[in-house]
Amino acid sequence: MLYTTHVHSPRPLITRLAYLGICLLLAGESLAQTPQLQLALVTTGLIRPTDVAGIGPGEFLVGQTDGKIRLIRQGTILTTPFLDLTDLISDPTYEGIFGITIHPDYTSNGFIYVHYARKNDRSSVFARFTRKSTNPDQADLTSQLIYFTVPYTNPLGGHRSGRIGFGPDGYLYMTTGDSSPGARDSIGDPDRLAQDIYGPYGKLFRIDVNQGSPYAIPPDNPYADPNDGVPDELYALGMRNPWRWSFDRQTGDFWMADVGQDGWEELNFTAANAPALQNYGWPCFEGNHPYNPCCTPGTAFHMPLLEYEGYSSGIRASITGGFVYRGNTYPDLKGWYVYGDFERGTYWTLKRAADNTYQQIQQSIALITSPVSFGEGTDGELYVLSFNEGALYQIITQFVGPQTIASIQSGNWLSPATWNCQCVPGTSDEVTISTGHTILVDQSVSVKKLVLGGKLSCLDGGRVSF
Ligand SMILES: [Ca+2]
Ligand SMILES: [Ca+2]
């Protein structure tokens, strides 16, 4: 059974107490530990950013469609790009850099991996570059090591996916799109390329970049045999445009969002111990719905964890897969998968249970537009890029600091200086007002639990103090 929870405004616990005629407060209903997202600006000034990778405390690399990879350090974009692929890419507006990631041992080896569309024939290139030994703030353009290229010949453009990233097994994963332009009201992937195990489109590939030249095939890849006619790199198939996916850094589970045609956006969950080869269904299915009638009957498909309506519902849509939060700063967000929709600017948090049910919250507060990519800091904190704003934000929640908030001085309820969290208590907080502190309450406030240690007084004008 699937169920959905929407964030709602809880009943104020302290509401114009003077109207009640009593000066007594009760600890009332509490929301479950449901994270309510907020965003904290890291930096603006990026140009059509598409992907972000944390490389150290307060340090990020951001790929842009103009072919540049910018280095952000403590909120400042370094003037000289970390890497400038301007001369290599095909189109600085739409087809520059699609994805970036760093080697798990980046600190020592300086390897960065890039997926870009190259000049002239627009092929997708999956390549490695190396940080300069003489300047760790820049990579060497001449260090390029190309792993492989995938032709994209459709003049109208075509789904490339974009993501490139390492799995918990230390192997490098890359996805491709179905190469179809995907125009509205057209037939998506009419030749069923995403189901063709011999071709490169709509696939997840896996290689070992720590062995071989330029790479080795993991021996348990499903078609690792070089004589079976199927690409040795193939690991999964049946995707349309899996723009963003991630591995849960704690469990190794694989989360992949596949952008839909006209009908359905979908999110796929694949357990860490699931065997290859997974077939995610496209174009035989769009979400949970049969799509192409010519598919081979009886094929076993991996069906999505969830889907939601796309363009056919009258609302633009493009799902952007995210990450499971494994950071330490926001305890209420731990274990929640955070994702969004690029077109709608909608964000969701989702927590999946072992039986494949889940609780999902559609975040109701205004967040940034065009969330094009989520990313992880090296410490597990989450970030999101706004394509239109050219900005990087950190994902935070209303929880900040200690879970129990205590008064540290007399003051006003709405003054952060009154509390040990240097914040204004909210609906998720347990609040203690210590004996000897007078806290003036002159507006409606709402908290999860309130413990009073002081003396309560009713004041003129409907105000109370403790
Ligand atoms: Ca093979
Ligand atoms: Ca699917």
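**Close-up views of a predicted model**

**View 1. Domain layout.** The protein splits into domain 1 (1–35 + 404–466) and domain 2 (37–397), with bounds taken from an automatic or database domain assignment. The C-alpha centres of domain 1 and domain 2 are 42 Å apart. This is a predicted model: local features need pLDDT of at least 70, side-chain atom pairs count only at pLDDT 80 or more, and totals for chains, interfaces and linings use all residues. Residues are numbered from 1 along each chain as its sequence is written, while chains are lettered from A and ligands numbered from 1 in the order in which they are written.

**View 2. The surroundings of Gly110.** Gly110 sits in the loop between helix 2 (106–109) and strand 9 (111–117). Helices (H or I, at least four residues) and strands (E, at least two) are DSSP runs, numbered from the N terminus. Beyond its neighbours within four places in sequence, Gly110 contacts Thr130 and Arg131 (contact: C-beta atoms, placed from the backbone, within 7 Å).

View 3

**View 4. The pairing of strands 30 and 32.** Strand 30 and strand 32 (residues 430–433) pair in the parallel sense over 3 bridges; pairing requires at least two DSSP bridges. Ala406 lies opposite Thr432 in strand 32.

How values were computed
Contact = placed C-beta atoms within 7 Å.
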